[in-house]
Structure formats: structure tokens, C-alpha cells
Amino acid sequence: MDTSKNNTIIVWTILALSVAGFTDAVYLAMKRIIGSPINCFAFSGCDTVAQSTYSAIFGIPLSLLGAIFYAVTIILITYYLQRRTKKGLQRVLAMAILGGVFALYLFALQAFVIKAWCLYCVISDTIGVVTALLAIDLWKKEK
Amino acid sequence: MSKKGQEIFIWLLIVIGLGAIVLGMYAAVAKPAVVIGDLVIPVSSADWRKGNENAKVTLVEYSDFQCPACKYYYGIVKELEKEKGDDVQMVYRHFPLQQHAFAKTAAIATEAAGKQGKFWEMHDMLFDRQEEWSVSENIQQSIVEYATLIGLDIPKFISDVQSVDLASRVERAITEGGTQGIQGTPTFFINETQVRFQSYEELKQLVEDELNK
């Protein structure tokens with residue numbers, strides 16, 4: 001497979017992952033904003049993570065920031081798919097790295113500070129890290 | 001379609017697509033919470049009760065000592081007790097969830113403390129120190145330590161904790177919670193009606209509304 005086709009697949013994968021990430025983050029944000037009060041459920045565990053004091057920065061839920069992050073990534077990727085400029089790719093890369101680093105921080109927070117995991121947070125964080133790695137890979141190949 | 005037209009079309013698709021996701025998630029989350037109906041098992045002398053027995057308002061809680069949300073609500077209920085203890089009767093019903101490894105043991109420990117008239121002391125102790133014993137490597141030791149701190153007769157406490165009688169009492173409470181349709185903890189009822197609140201102010205309002213009825 002030639003490089004440019006391979007790279008196109010990477011770009012589309014990042015786009016698809018970002019849409020998945022957006023869906024996941026919107027779900028978490030909605031749950032946080034309009035959902036029921038905190039509870040432990042017989043089948044789905046406790047909302048320990050999503051309701052912890054670490055789940056918001058200056059009163060803004062992280063899930064909401066996550067949704068905005070993925071929406072911006074989707075916009076940047078679409079723009080890049082249309083124009084294919086180096087600057088466009090740079091923006092995607094910068095955004096993806098920002099997201100990836102933040103996702104790693106959130107992983108660490110769950111593992112070492114809150115000592116609890118939340119499925120939808122883990123999904124979002126994984127997408128963030130994978131997106132960053134793919135963007136770095138793409139950047140190296142396009143350079 | 002011109003290139004420009006195509007681009008506009010794609011942006012429109014993205015806006016509609018993301019909007020649809022937001023609406024879809026809203027619909028998924030906003031669906032009304034499961035209504036589990038009125039209190040099935042009336043409050044009786046078989047319950048762990050606190051406060052004014054003849055109060056106009058009874059707050060029934062189905063709870064799990066190892067559940068972090070229950071610990072959060074423990075603080076709220078405590079505040080109610082301080083401020084309106086004379087107007088309200090508080091009832092605690094066990095509903096230890098399966099995912100909490102020590103929840104049943106903790107429930108049995110409160111029952112054993114209850115046999116020495118110190119159910120609520122153990123109840124408070126377990127919530128206050130939830131973070132400690134939840135990750136304990138020796139739960140029995142932690143519980144005996146708490147029993148010592150609240151001044152229980154330890155040999156009696158140990159033999160009670162091991163008794164089949166108390167274990168089956170907790171099992172019965174779980175079955176009764178199932179009959180009530182409890183799906184998560186904590187679940188609260190004011191008199192016969194299920195209530196939801198997130199803060200002390202909200203609970204206080206609910207209690208006052210009931211008092212003024």
C-alpha cells in the first residue's frame with residue numbers, strides 16, 4: 001500500500017475515533033449535568049469517578065471539556081481532509097497531543113488518586129491516547 | 001456540485017451529525033428514573049430506628065456500608081438528625097451490594113453491635129472509616145478494632161459476628177430489598193414515598209413539606 005493511501009486510512013481512523021470519543025464524552029457530560037444523583041447500582045457499580053471532586057475544573061465538568069475537545073478535533077480533521085495543508089496537520093497534531101497527555105493524566109488520577117475506574121472515562125481516555133499516537137505517526141510519515 | 005458547495009455540504013453534515021449525537025445522548029440520559037413504587041414493608045420494631053418514634057416524618061434508607069455514595073448521604077442524614085432529630089424518625093435497612101466485598105460483613109458487624117445496643121455507634125464508625133476498612137487486608141481485625149473503640153464486649157461481639165442468626169438476618173434484609181425493587185444504594189423513602197435529593201437543603205425541604213402536610 002502506498003504511503004498516501006496508508007496515511008488517508010490513519011486520518012479517517014482518527015476521525016472515526018474522535019466521533020466515538022465525542023459520543024462517549026457527551027454521554028458522560030449529560031449524565032453529570034442532568035442525570036440522577038450519585039448512587040451505587042447493583043449491576044453497573046458506583047459513580048465514584050464521574051462524581052468525584054476531580055471530575056470538574058473550575059466547576060466545568062471534565063466530560064464537557066472532553067466533548068468540546070473531540071468536537072474541535074473532528075473539525076480540524078475535516079478541515080485537513082479538505083485542504084491537506086501542513087498547517088492543518090500541525091493543528092491536528094497539537095490538539096491530539098494535548099488530548100493524549102491529558103488522557104494520561106486522567107488515567108493516573110483514576111489509578112492512584114481516586115483508586116476507582118469508570119468504564120466510559122476509560123474508553124474516552126483510551127481514545128485520547130490512541131488518537132495522539134496515530135497523529136504522531138501521521139506527522140512522521142507526512143513530514 | 002462545486003468544490004465549495006461540497007465543502008459546505010460536508011460541514012453541514014458534521015453539524016447535523018454532532019447535533020444528532022447530543023440529542024440522542026440527551027434522550028438516553030433524560031429518560032425518567034425507574035420508579036420503584038411505595039414502601040412495601042412498613043416500618044416496625046424489627047427495624048433499626050433512631051430519632052422520634054412518634055414523629056410525623058420517617059426517613060427510610062436502604063444502604064450499603066461500603067458504598068461511597070452512601071457515605072456521602074450519611075453526612076446529609078446526619079445533618080438532618082442534628083437539626084430535626086425531634087421531628088423525624090430515621091430507619092436504616094441493609095442492602096449490601098454484591099460488588100462490595102466487605103459490605104455484608106459490615107452489615108453483620110452492625111447487627112452484632114446492635115445486640116449490645118450500639119447499632120448506630122457501629123453504623124457511624126463504619127461510615128466514618130469507610131475508606132480505611134474498604135481496602136483492609138484483614139476485615140475481621142478492623143471490625144474488632146472498631147468494636148473495641150465503641151466499647152463493646154469483644155468476646156460476645158466476636159461470637160455474634162460468627163452466628164448464623166445474624167448472617168441470615170442480613171440475607172433476609174437483602175431479600176426484602178429485592179421485594180421492594182431496590183436497584184441501587186442509597187434509596188430513600190419519606191414515609192411511604194420514594195424521594196431523591198442531592199444536598200441537605202433538598203432533603204430538608206422534602207422533610208418540611210411532609211411536616212407541613
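In the unreviewed UniProt entry, the annotation "transmembrane region" covers residues 9-29, 57-80, 92-111 and 117-139 of chain A. The model described here is predicted. Two of the annotated spans were examined in the coordinates. For residues 57-80 of chain A, the end C-alpha atoms lie 30 Å apart, and the span is 79% helix and 12% strand. For residues 92-111 of chain A, the end C-alpha atoms are separated by 28 Å, and the span is 100% helix and 0% strand.

Chain B contains nine helices and six strands. Of its 213 residues, 33% count as buried. Among contacts in chain B between residues at least 6 apart in sequence, 78% join residues at least 24 apart.

Strand 1 (residues 48-51) of chain B is joined to strand 3 of chain B by four bridges, and here the strands run antiparallel. In strand 3 of chain B, Q89(B) stands opposite G51(B). Strand 3 of chain B is mostly covered, with six of its seven residues buried. Strand 2 of chain B is likewise mostly covered, and six of its seven residues are buried.

Helix 8 (residues 164-180) of chain B comprises 17 residues and reaches 24 Å from its first C-alpha to its last, close to the 24 Å expected at 1.5 Å a residue. The buried residues of helix 8 of chain B are V170(B), A173(B), G177(B) and Q180(B). They cover an arc of only 75 degrees around the axis, which puts them on the same side of helix 8 of chain B. Helix 8 of chain B is followed by G181(B), whose phi is positive, near 90 degrees.

Helix 4 (residues 119-128) of chain B also has buried residues, namely M122(B), H123(B), M125(B), L126(B) and F127(B). The buried residues of helix 4 of chain B pack against helix 2, strand 3, helix 3, helix 5 (130-133) and helix 6 (139-149) of chain B.

Q66(B) lies in the loop between strand 2 and helix 2 of chain B. Because 25 C-beta neighbours fall inside 10 Å, Q66(B) counts as buried. Leaving aside its neighbours within four places in sequence, Q66(B) is in contact with H100(B), F102(B), A103(B), A106(B), Q130(B) and S134(B). The C-alpha atom of Q66(B) is separated by 7.8 Å from that of F127(B), although the two residues are 61 residues apart along the chain. F127(B) is one of the buried residues of helix 4 of chain B.

Between the chains, 24 residues of chain B are in contact with 22 residues of chain A. On the side of chain B that touches chain A, the elements giving two or more residues are helix 1 (3-30), helix 2 (68-84) and strand 4 (184-185) of chain B. Helix 1 of chain B gives the most to this side, with eleven residues. By class, the side of chain B that touches chain A has 16 nonpolar, five polar and three charged residues. Strand pairing also crosses between the chains: two bridges join strand 1 (residues 40-41) of chain A to strand 4 of chain B, and these strands run antiparallel. In this pairing, C40(A) stands opposite T185(B) in strand 4 of chain B.

Notes. Residues numbered from 1 in each chain as written. Chains lettered and ligands numbered in written order. Predicted model: local features only at pLDDT ≥ 70, side-chain atom pairs only at ≥ 80, totals over all residues. Expected span 1.5 Å × (residues − 1). Buried ≥ 20, exposed ≤ 12 C-beta atoms within 10 Å, placed from the backbone. Arc of directions from axis to C-beta. Contact = placed C-beta atoms within 7 Å. Nonpolar A, V, L, I, M, F, W, Y, C, P; charged D, E, K, R; others polar. Pairing = 2+ DSSP bridges. UniProt positions renumbered as here; feature names shortened; annotations may be inferred.
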